[in-house]
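This report describes a pocket, a pair of strands and a nonpolar core. The sequence and structure are shown first.

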Amino acid sequence: CDPSIPLTVGEWEEWGNPNEEKFFDYILSYSPINNVIPQKYPNILVTAGLNDSRVAFWEPAKWVAVLREKKMDNNKLMLKIDMSSGHFSVSDRYKYLRERSFEY
């Protein structure tokens with residue numbers, strides 16, 4: 001972990017320094033990608049926003065790729081990346097309602 005990257009040291013105060021084994025192990029314990037195991041999964045819809053400044057779109061895409069590789073069933077696994085939204089979905093009220101209805 002590189003302390004010169006912006007926000008890194010501030011995040012260490014909240015979650016712990018991943019350069020220390022106990023914090024590394026704890027962070028790894030809830031890492032979505034590192035905790036995918038070969039098993040059956042339910043139908044899953046993963047959504048992302050292209051302009052999300054908190055979770056870059058490639059993070060859910062990587063998770064879906066790992067799930068597709070390891071899952072042991074034929075259940076649906078879908079990835080939808082909205083090309084105009086950010087972390088909190090879209091700002092337009094009607095588009096927000098369309099997005100919510102898509103999820104259901």
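## Largest pocket

The largest pocket has a volume of about 930 Å³. A pocket here is an open set of points on a 1 Å grid over the protein atoms alone, where a 1.4 Å probe fits, with protein on both sides within 12 Å along at least five of seven lines; lining residues have an atom within 4 Å of a point. Among the 24 lining residues, E11, W15, I27, R54 and E59 are the closest to the pocket centre.

The model is predicted: local features need pLDDT of at least 70 and side-chain atom pairs pLDDT 80 or more, whereas totals for chains, interfaces and linings use all residues. Residues are numbered from 1 along each chain as its sequence is written, and side-chain values use heavy atoms, with hydrogens and water left out.

At least two lining residues come from each of α1 (8-15), α2 (21-29) and α3 (58-70); helices (H or I, at least four residues) and strands (E, at least two) are DSSP runs numbered from the N terminus. By class, the lining has 16 nonpolar, 5 polar and 3 charged residues.

## Strand pairing

Strands β1 (residues 44-49) and β2 (residues 77-82) run parallel and are joined by 6 bridges; pairing requires at least two DSSP bridges. V46 has L79 in β2 as its bridge partner. Together, β1, α3 and β2 form a right-handed β-α-β unit.

## Nonpolar core

V36, Y41, I44, V46, V64, V66, L67 and L77 make up the largest nonpolar core, which has 8 residues. Such a core joins buried nonpolar residues through side-chain atoms within 4.5 Å, buried meaning under 20% relative accessible area with a 1.4 Å probe. Both β1 and α3 give two or more residues to this core, and α3 provides the largest share, 3 residues.

Technical notes
Points joined across faces, edges and corners; volume = space filled by probe spheres on them. Nonpolar A, V, L, I, M, F, W, Y, C, P; charged D, E, K, R; others polar. Right-handed = clockwise from strand over helix to strand, strands pointing away. Buried < 20%, exposed > 50% of the residue type's maximum accessible area, 1.4 Å probe, protein only.
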